[in-house]
Every structure is written in C-alpha cells, then in structure tokens.
Amino acid sequence: MKIHRWLLLSIIVPVLWGLWGALIEIPEKWVNPTFPSTLGYVLWSLTMLLVASFALRNVHWKIDSNLRSVGYGCAVGFTGAAGQLLLFWGLMRGPAYIIFPIICLSPVVTIVLSATLLHERTHLVAGIGIVLSLLAIFFLSLQEPGNSPVHGNGWLAISISIFFMWGLQAYFMKSSANFISPEGLFFYMAVTALLLCPLALLLTDFSAPINWGLSGAYLSGSLQLLNSFGALLLIYAIRWGKAIIVVPMINGLFPVVTIVLSLFIYHRVPTTYNFIGLFLAIIAIFLMAFNEVKHSAPAADALIAQHREHIPLR
C-alpha cells in the first residue's frame, strides 16, 4: 500500500514535536543555571528563519508578495507566535493543569471552521476518530494540581485566547492554499515570530543567572530546530491532506511521544488519565488515517481513469 504524503508527515511532525516537548525541559528546568523559556522563544524565532531560508531555497527564493499572500502569512504567523508568548505569560499566573486542557483542544476551532467554511467532509469512521482524538488530547493534557500561586482570573482569558489563536492558525494554513505557497507562508511565519522577540526579551529576568553553555543555550537552540522543522512539515501536511483530519491527528499523537520519552528520561509514570489518553490517541490515529487512505485511493483511481478516457490514442 502506497503511503500518502499527508499521512507520512502527520506521523513525522508528532515525532519531532514530541522529542522537542520531552527534551526542552532539560535546559529550562534540569540544569543549573537554567536557560529561560523566554530566551528559548527568541532562539525558536531564529531557527524559524533558518528553516525558512532552507524552504525558500527549494523554490528559488520566490516569495509571494501580493496583499492577500502577506495577509495570510501574517495571520498564520501572529496567531502562532502570539500564542507561544501568551502561553508563557499564562503559566506564570495560572494552573498548568487547567490551562493545557483548554489550549490543547484548539483543533475543535479548526474542525468547525474547516467543516463550515471550507466544506471539508469525512467518513463516519474517521469522524469517530476525530472525536476520540479530542478526548485523547484532553486526557493527555491533564496534570496533577501543583502548588503554583494563582493570580486573579486573567490566566483564564489568556488560555481561551490561545485556544482560538492556535485553532485559527491551522485553519488559515488550509484556507490559504490557493493564494500562497507553503514556503512563502512559512517565511512570513518566521518574520512575525521575529517581530515578537522584543516582548520575549522584556519578559526575561536578566538579573538571574542564565546558562549560555552547551547544556543551556546551545541545547535549547538545537531542540528549537525540531520545533521549527515540525512547523514547516505541518503546513505541507495540511496542504496535502484534510485539516479536519490532520490537525486532531497530530495534536493527539505528539503528546503520546512526549509522555513515552518522559517516562524513560525522567522516570515519570503517566497518570491514569494519561494512560486513557494514550489508548484513545492510538485508536483515533488508526481510525482517521487508514479510513481516509482506504476511501481516497479508489477516488484517485477513478479520477485517473476518467482522465485517461479523454486522452486520444496514438
């Protein structure tokens, strides 16, 4: 069976993001001194620019510069980058065990918009997989309540804002398919990420010791490359597949990779909720991926056959 490009990328992206999610704690939490996550954002934006140059090189540095292309590029870039900064700000003020379940359900926004505005449809079995993946995301995101102080209710508004931002970002990635190239879209994502760097620097406490060595800045930068390459491949996966399938599939799978790696690296035993999420994610991925492949193959064969009927014989 020939594997579809969107399916292959929908497997690769969670692996890259899962590795990043599991290992990024080392420079930010497990070394002394640590490397602040705000400076990690700055390094991430620089790696985004590096990956963008790699992507643009493959298309001979052609950048879409019309007004609609720039608008889509900035929309995707700002919703993603601003969400990253807001996440850091929200975790300083609210409980992570409530914030993450809220923002990790952002595929709901993408699914609703893709179904209503892009008229994307799927089969019943894959639809069941979508529902299971959303449940998996919720269970995988649940954490034990910590002792972090909660300052007001502002963190709740921030969490809801990130929820909509990341859901909108995936929708814009798909809806921009006819107006801007994947490489051009990623270039604008990198530029907008850089524009928000001053805010990240303002949030950094430079009075505290910062690890600029191999275990700090260099390790963080290397791991941010995984995040950036994953973002580029996500654009291709959404372009070649259905956003209504790709987004919940990726969001359901990459926490699985993170949890499994954390189990081996940090000897963290997943909670009962996490085990439920792992089980649901595996079932959901199987239902969504293979059901779509099963139904898309005959459709593609029929299209090829129809095309051949109109080709004159020589």
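Helices (DSSP runs of H or I, at least four residues) are numbered from the N terminus, as are strands (E, at least two). The model is predicted, so that local features need pLDDT of at least 70 and side-chain atom pairs count only at pLDDT 80 or more, whereas totals for chains, interfaces and linings use all residues. Residues are numbered from 1 along each chain as its sequence is written, and side-chain values use heavy atoms, with hydrogens and water left out.

Just after helix α12, histidine 267 adopts a positive phi of about 55 degrees. Helix α12 itself comprises residues 243–265. Its 23 residues should span 33 Å at 1.5 Å a residue, and the 33 Å between its end C-alpha atoms agrees with this; the expected span is 1.5 Å times one less than the number of residues. Of these 23 residues, 18 are buried, so α12 is largely enclosed by the rest of the structure. Buried denotes under 20% relative accessible area, exposed over 50%, and partly exposed in between (1.4 Å probe, protein chains only).

Phenylalanine 264 lies in α12 and is exposed, with a relative accessible area of 61%. A nonpolar surface patch is formed by Val260, Leu263, Phe264, Ile265, Val269 and Phe275, with about 570 Å² of accessible area together. Helix α12 gives the most to this patch, with four residues.

Proline 198 is located in helix α10 (residues 197–202) and is partly exposed, with a relative accessible area of 46%. Proline 198 and valine 42 are separated by 156 residues in sequence, while their C-alpha atoms are 8.7 Å apart in space.

Key: Patches are made of residues with over 30% relative accessible area and no salt bridge: like charges are joined within 9 Å, nonpolar side chains (Val, Leu, Ile, Met, Phe, Trp, Tyr) within 5 Å. Accessible areas come from the Shrake-Rupley method with a 1.4 Å probe; for residues, only the protein chains shown count as cover. A salt bridge is a side-chain nitrogen of Lys or Arg within 4 Å of a carboxyl oxygen of Asp or Glu.
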